[in-house]
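Dear colleague,

I am passing on the structure below, together with some notes on what was found in it. Please look it over before you read on.

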Amino acid sequence: MLFLFVDGLGLGETLESLFPLLLELDPKPLDATLGVEGLPQSGTGQTALLTGANAPRLLGYHQGPFPSPRLEPLLRQSLYAWAQAQGLKVLHANAYRPEYLKRATEGRRLLLSAFAQAARLAGLPLLPLGHPLALPPAFWEDPYGTGARAAALARAFPLVVLEYWALDLAAHRFPETLPQRFQELSLFLKGFLAEGGTLLLTSDHGNAEEPWHPQHTRNPVPLVYTGQGPDRPQDLTGVLPWLQAIITSKLRKSDRNT
């Protein structure tokens with residue numbers, strides 16, 4: 001399975017022209033506000049996705065872009081840690097520039113996303129660019145081929161996680177490039193799905209679906225899953241227990257077949 005996390009993607013009418021492939025995949029809406037006023041943010045939203053905890057309610061506000069140190073105890077109990085405890089091989093597939101990792105990890109504050117922090121806390125490596133198991137997280141020369149390569153990794157690992165952050169970056173700083181980013185993401189998905197891979201796609205907050213302003217939105221975010229599973233959750237906190245049920249069911253079926 002590929003868990004493709006797309007930063008800053010909400011549901012909105014503009015996706016009919018900007019990202020029609022997503023709508024063809026029948027996305028279910030997830031509430032990203034979690035009962036907290038203000039605009040959802042990456043630090044708390046991603047933590048909620050990965051841990052099932054209402055991180056913004058815990059802090060009393062939506063927080064980002066990087067998770068507060070107060071959220072570290074939650075991130076120690078993330079999807080990565082749980083999956084490894086079940087005996088699964090897990091791959092955090094993002095490739096990082098070594099100079100970025102040095103700057104992000106050696107300063108006064110840890111400048112890593114919740115996904116990267118959770119992977120690191122679970123003992124998974126943050127792989128450098130060029131590593132045979134790592135994928136550049138965006139700006140692909142061959143998006144379709146990169147999607148096919150992601151499918152190959154998903155055949156080798158029961159759970160592969162990839163963060164695509166370029167959409168949120170474009171929405172904040174370079175809105176004129178959003179059509180290219182949506183096109184890139186669409187080609188990646190086509191390459192992945194053509195190889196028969198199982199896809200889980202979701203986001204932490206809205207942003208790029210309203211390209212006329214650079215702010216986050218309170219729109220629901222999409223949840224796409226191309227496999228079989230129980231009823232979809234209603235908000236970000238429901239994703240982890242829902243995914244745990246899917247993975248546990250697969251493990252039981254595998255045990256019965258051995």
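By class, the lining of the largest pocket comprises 13 nonpolar, eight polar and six charged residues, where Ala, Val, Leu, Ile, Met, Phe, Trp, Tyr, Cys and Pro count as nonpolar, Asp, Glu, Lys and Arg as charged, and the others, Gly among them, as polar. Please bear in mind that this is a predicted model, in which local features need pLDDT of at least 70 and side-chain atom pairs count only at pLDDT 80 or more, while totals for chains, interfaces and linings use all residues. Residues are numbered from 1 along each chain as its sequence is written, and side-chain values use heavy atoms, with hydrogens and water left out.

A pocket here is an open set of points on a 1 Å grid over the protein atoms alone, where a 1.4 Å probe fits, with protein on both sides within 12 Å along at least five of seven lines, and lining residues have an atom within 4 Å of a point. The largest pocket has a volume of about 850 Å³, a volume being the space filled by probe spheres set on the points, which are joined across faces, edges and corners. Of its 27 lining residues, Asp7, Phe66, Tyr100, Trp165 and Leu169 lie nearest the centre, and helix H10 (166–173) supplies the largest share, four residues. Helices (H or I, at least four residues) and strands (E, at least two) are DSSP runs, numbered from the N terminus.

The second largest pocket holds about 180 Å³ of space, and of the 11 residues that line it, Leu88, Pro158, Leu159, Ile247 and Lys250 are the closest to its centre.

Within E6, Tyr164 is the bridge partner of Val6, and Leu159 that of Val90.

With best wishes

Key:
Two strands pair if DSSP finds at least two bridges between them.
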